[in-house]
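Subject: Structure handover

Hi,

Here is the structure for you to look at. My notes follow below it.

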Amino acid sequence: MLTVNFNPFHNLETERLILRRVNSNDIKEVLALRSNAETMKYIPRPLLKNDEDALAHIAMIDEKIESNEGINWAITIKGDPRLIGVIGHYRIKNEHYRAEIGYMILPEYNGRGIVTEAVREAVKYGFEVMKLHSIEAIIEPDNLASAKVLEKNGFIKEVHLKENEFYDGRFIDSVIYSILNKK
């Protein structure tokens, strides 16, 4: 069975980005991300409403890291420590050597290849450091931008599940993409 350990925490670096630990100084940016209806459009979770909600979300991220249940990084541009997005591995299934990747970015940074670059680095970490066999991403079918990011990173569409989740008074579909560790 897979065993992961996120302590000590590892920052990741790409050509343009630093992926670092989310901390309480990120409260305003986390609130901006998770309270924005456009950013959260494809994420079936309640919007954050205030600083306390943002601090609770940051605390939840920390708890997952400390308990080795999941890992999140703040997406930042080199030379600017301000959080512009979040990426991480969630729902780690140790017995299956599999995890789910998730990500989001402030709307003003869309279309710049930042998420594609961050996903590439997080997948590399998942395979090389965590020793995952596969990584999945679960998206809403209408989230075409996310589908493109995943496909650019070698993910393939595995399945389209019909009305498999109930959120906010309605049933929603999910599409699962995945990538296998070929090494």
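Start with Tyr97, which sits in the loop between strand 4 (80–93) and strand 5 (98–105). Bear in mind that this is a predicted model. Tyr97 is not a glycine, yet its phi is positive, about 55°. Most residues other than glycine have a negative phi. With a relative accessible area of 32%, Tyr97 is partly exposed.

Asp168 also has a positive phi of about 55° without being a glycine. Look for Asp168 in the loop between strand 7 (156–167) and strand 8 (170–180). Is Asp168 buried or exposed? Asp168 is exposed, at 67% relative accessible area.

One more backbone point. The peptide bond from Asn7 to Pro8 is cis, with omega near 5°. Most peptide bonds are trans. Pro8 belongs to the segment before strand 1 (12–13).

Next, the aromatics. There are three aromatic pairs in the structure.

Last, helix 4 (residues 144–152). Which of its residues are buried? They are Ser146, Ala147, Val149 and Leu150. Seen down the helix axis, these buried residues fall within an arc of 160°, so they line one face of helix 4. The general rule is that an α-helix has 3.6 residues a turn, so residues three or four places apart point the same way. On the other side of helix 4, the exposed residues are Leu144, Ala145, Lys148 and Lys152.

What do the buried residues of helix 4 pack against? Their partners are strand 5, helix 3, strand 6 (134–139) and strand 8. After helix 4 comes Gly154, with a positive phi near 90°.

Over to you.

Best wishes

Definitions and conventions. Residues numbered from 1 in each chain as written. Predicted model: local features only at pLDDT ≥ 70, side-chain atom pairs only at ≥ 80, totals over all residues. Heavy atoms only, no water. Phe/Tyr/Trp six-rings, centres within 6.5 Å; stacked < 30°, edge-to-face > 60°. Helix = DSSP H or I, 4+ residues; strand = E, 2+ residues; numbered from the N terminus. Buried < 20%, exposed > 50% of the residue type's maximum accessible area, 1.4 Å probe, protein only. Arc of directions from axis to C-beta. Contact = heavy atoms within 4.5 Å.
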